[in-house]
Amino acid sequence: MAATASLLRQNSAAAPPSPPSNITSVKKLSESPNLNSIPSNYAYYTNYPTETNIASNSDDSIPTIDLSLLTSDNPDLRSKAIQDLDKACQDWGFFMVMVVNHGIPETLMKAMLDVTNEFFNLPEEEKPEFQPKNVVDPIRYGTSFNTAKEKIFCWRDFLKVFVHPQFHCPDKPESLRELLPEYCERTRDVVRKLVKGISESLGLEESEMGEALDLGSTLQIFIANLYPRCPNPDVALGMPPHSDHGLFTLLIENGVGGLQIQHKGRWVNVNALPNSILVNTGDHLEIFSNGKYKSVMHRAVVNNKKTRISIAMANGPSPDTVVSPASQLVQTKGCVASYVPMKYKDYLLSQQSNQLNGKSILKQVQIQDY
Ligand code: OGA
Ligand code: NI
């Protein structure tokens with residue numbers, strides 16, 4: 001229970017000090033005339049290149065999943081697709097869902113990226129409050145990750161919106177209100193299919209995982225990221241290494257790469273094939289699967305040529321679900337749960353109240369082997 005106690009301590013200390021008053025959006029900063037180098041509080045690395053900064057380019061070996069096979073009527077095809085999903089989640093914690101078969105129209109993906117760009121281009125006074133006071137407000141616009149806690153900032157502005165079980169949306173741009181509900185629904189549909197496949201690959205009935213995590217009330221968060229051109233891309237970071245809190249995150253980008261995942265101790269560049277969706281495993285998949293599917297560490301790097309926009313849809317259990325490893329996985333003699341139970345919304349609060357730091361929140365619910 002030591003893990004729970006330390007988390008509670010952290011939560012009770014969660015009220016953040018006020019953010020430094022001079023922090024601005026990186027969009028604004030990047031537009032300042034003659035910006036030849038970044039301010040020192042954006043320098044993540046000092047001695048580039050280091051071992052961990054060198055990314056290997058093995059895009060071709062990143063697994064791909066054909067969603068239509070996961071729902072195929074042909075039992076052999078479906079069983080093969082489940083095996084592929086199982087392998088992708090175990091070996092990589094990451095995969096690309098292929099273009100033609102994910103059910104999200106290309107036009108919708110493109111329109112979502114366009115309207116996200118439009119949001120970041122709105123005059124500041126038309127955007128929600130910059131640097132929200134509460135780290136779990138349903139609509140948050142800000143910069144870096146949590147400037148109240150950070151000394152070094154990320155080269156990133158964001159908009160985060162809770163879109164399920166209650167739908168929220170900023171008032172502007174108008175077309176965001178029109179497009180977002182459909183995009184949320186379609187991405188939830190993709191996640192439903194993945195969860196059914198994972199439920200079976202864990203040896204459960206198709207519907208059991210969804211029921212255990214109350215996914216009818218799944219917490220879904222729309223996260224729009226803006227990474228402007230950066231004069232010192234070698235020392236800045238768009239997002240530092242971290243894992244996501246939910247089950248699966250679905251990411252699309254505007255044709256400009258920057259996402260890297262950690263694979264076998266190295267950083268691997270991921271460039272989405274046009275119109276594909278990038279999917280990564282999150283901490284709650286690791287917890288529910290009792291460590292079979294580890295959440296993948298990833299980060300976002302920046303560049304000095306083109307502004308990058310990404311849209312990450314985070315999909316988790318329902319906020320009130322107390323999540324623990326699936327009971328069916330730990331009932332067998334000799335199996336023990338490797339994670340202590342915790343309510344998903346408390347986990348989320350803890351993650352959002354702190355700095356983004358690897359898998360530090362997960363470690364607090366993980367039972368260490370002695
Ligand atoms: C995130 C994230 C990476 C990216 O929003 O959690 O990891 O490439 N984004 O934008
Ligand atoms: Ni992430």
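This is a predicted model: local features need pLDDT of at least 70, side-chain atom pairs count only at pLDDT 80 or more; totals for chains, interfaces and linings use all residues.
Local features were taken at pLDDT of at least 70 and side-chain atom pairs at pLDDT 80 or more, while totals for chains, interfaces and linings use all residues. Residues are numbered from 1 along each chain as its sequence is written, chains are lettered from A and ligands numbered from 1 in the order in which they are written, and side-chain values use heavy atoms, without hydrogens and water.

Histidine 242 and aspartate 244 are both buried. Buried means under 20% relative accessible area, exposed means over 50%, and partly exposed lies in between (1.4 Å probe, protein chains only).

The structure holds two cavities of 30 Å³ or more. On a 1 Å grid over the protein atoms alone, a cavity is a set of points where a 1.4 Å probe fits but cannot get out, and lining residues have an atom within 4 Å of a point. Grid points are joined across faces, edges and corners, and the volume is the space filled by probe spheres set on the points.

The largest cavity has a volume of about 280 Å³. Its lining is made of 24 residues. Nearest the centre of this cavity lie Met239, His242, Asp244, His298 and Ala312. Two or more lining residues come from each of β6 (219-227), β7 (239-242), β8 (248-253), β12 (298-300), β13 (308-316) and α10 (344-353). Such helices (H or I, at least four residues) and strands (E, at least two) are DSSP runs, numbered from the N terminus. Strand β13 gives the most to this lining, with four residues. By class, the lining of the largest cavity has 10 nonpolar, nine polar and five charged residues. Ala, Val, Leu, Ile, Met, Phe, Trp, Tyr, Cys and Pro count as nonpolar; Asp, Glu, Lys and Arg count as charged; the others, Gly among them, count as polar.

The second largest cavity holds about 70 Å³ of space. It is lined by 13 residues, and Ser243, Gln351, Gly358, Ser360 and Ile361 lie nearest its centre. Helices α10 and α11 (360-365) each give two or more residues to this lining. The largest share, three residues, comes from α11. The lining of the second largest cavity has four nonpolar, seven polar and two charged residues.

The sheet was then traced strand by strand. Strands of a sheet pair through backbone hydrogen bonds, either parallel or antiparallel. Eight strands form an open sheet in the order β2-β3-β11-β8-β13-β6-β5-β4, with mixed pairing. Its edge strands are β2 (64-65) and β4 (139-143), each of which pairs on one side only. Two strands count as paired if DSSP finds at least two bridges between them.

Strand β11 (residues 277-281) is mostly covered, with five of its five residues buried. Ile277, Val279 and Thr281 point one way from β11, and Leu278 and Asn280 point the other way. Strand β3 (residues 94-97) runs antiparallel to β11 and is joined to it by four bridges. In this pair, methionine 96 stands opposite leucine 278. Four bridges also join β8 to β11, again antiparallel. Here threonine 249 has asparagine 280 as its bridge partner. Strands β8 and β13 are antiparallel over six bridges, and isoleucine 252 is partnered by isoleucine 311 in β13.

Strand β5 (residues 157-164) has eight of its eight residues buried, so it is largely enclosed by the rest of the structure. Strand β4 pairs with β5 in the antiparallel sense over five bridges. Glycine 142 has phenylalanine 158 of β5 as its bridge partner. Strands β5 and β6 are antiparallel over seven bridges, and lysine 160 is partnered by isoleucine 223 in β6.

Cysteines complete the account. The structure holds zero disulfides (pairs of cysteine sulfur atoms within 2.5 Å). Cysteine 89 counts as buried because its relative accessibility is 1%. Cysteine 335 counts as partly exposed, at 36%.

Conventions
On a 1 Å grid over the protein atoms alone, a cavity is a set of points where a 1.4 Å probe fits but cannot get out, and a pocket is an open set with protein on both sides within 12 Å along at least five of seven lines; lining residues have an atom within 4 Å of a point.
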